[in-house]
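Dear colleague,

I am handing over the structure below, and my notes on what was found in it follow.

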Amino acid sequence: MDLDAYVAEYGGEWRRLSQLCDRRHLDAAEVDELVALYQRATTHLSVLRSRSPDPALLGELSQVVLRARARLTSRPRPSWATVRTFLLVGFPGAVWRAAPWWCAVASAFTLLTFTLMGFVADNPETAAAFIGDEEAAHLVESGFAGYYTEFSAPTFAFHLWTHNAWLAAKCLAAGVLIVPVGYLLWQNVVNIGVVGGVMVSYGRADVFFGLITPHGLLELTGVFVAAGVGLRIGWAWIAPPEQLTRGQAVARAGRDGILVALGLVAIFAVAALIEAFVTPAPLPAAVRIAVGATAWLAFLAYVVLWGSRARVTAADQ
């Protein structure tokens, strides 16, 4: 084997591979080049080991191959830039793209809930069919208000946070099947509609809306977003865009689902803190509702402002 000729032929590739390993940031084309050069260099190293007795050359090329392998297999370090991109582009953009879906879910949920609430309020005897007369009386007297003070605030907040995050995860995961999402939402419609109807029928509408509104605005919006994004994933399978296959459409919608799932963890944490610390606080109902409404409007403004910007940026690229 002519070692000098071999080095002359492939030495440029090894130097280029070493240069790529030294760079802090690589674009997509450079990553592809790094992978190709790494694969070729491993072949060259194997050939040299079997045919060349030059330990210096073998050691030098081995170091280059090891550095390239480490560059390709190492986990990317988290950075504030990544977090910033998620907060200002990824999450709000994914929520904004699914806005028609979760707005439709919110509209249907609200209509069904208030319809059921009104029916139960106008027909108090129906409460017995749903929860029983004794339970209805207990709910009105102390059960509904007592729910918010049964546990210590930190424990209650953690329970609410995990419960709502789990509900959102189920909506996102079940979205591809469509029907389970409707079932999960209907359970909440029945729960809120019946309890609200009972409270209204007993003349305790002020207590019901005064306690459920502060946290419910943000909490239910998070559930609506999860359900809407989940249904969007299911629809991507049923009717993918013309330029995409079903698998590609579901994968694209699924990536948005992952972004939304991560973002909703924080949203539900805020909602849980409001429900645990603000809802049962000895403050006027108007003040408690104002706190919840402020958090809710801030979230909507965040989605509209940064989500629309993310969409415009993506369209310009």
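A salt bridge is counted here where a side-chain nitrogen of Lys or Arg lies within 4 Å of a carboxyl oxygen of Asp or Glu. This is a predicted model, in which local features need pLDDT of at least 70 and side-chain atom pairs count only at pLDDT 80 or more, while totals for chains, interfaces and linings use all residues. Residues are numbered from 1 along each chain as its sequence is written, and side-chain values use heavy atoms, with hydrogens and water left out.

The structure holds six salt bridges, and Arg97, Arg232 and Asp256 are linked in a network of them. Asp256 lies in helix H11 (residues 246–278) and Arg232 in helix H10, so the pair ties together parts that are 24 residues apart in sequence; helices here are DSSP runs of H or I with at least four residues, numbered from the N terminus. Asp256 is buried, with a relative accessible area of 7%, where buried means under 20%, exposed over 50% and partly exposed in between, for a 1.4 Å probe and protein chains only.

Another salt bridge joins Asp22 and Arg67, whose closest N and O atoms are 2.3 Å apart. This pair links distant parts of the chain, with Asp22 in helix H1 (residues 3–22) and Arg67 in helix H3 (residues 55–73), 45 residues apart. Asp22 counts as exposed at 57% relative accessibility, whereas Arg67, at 30%, counts as partly exposed.

Notes:
Helix = DSSP H or I, 4+ residues; strand = E, 2+ residues; numbered from the N terminus.
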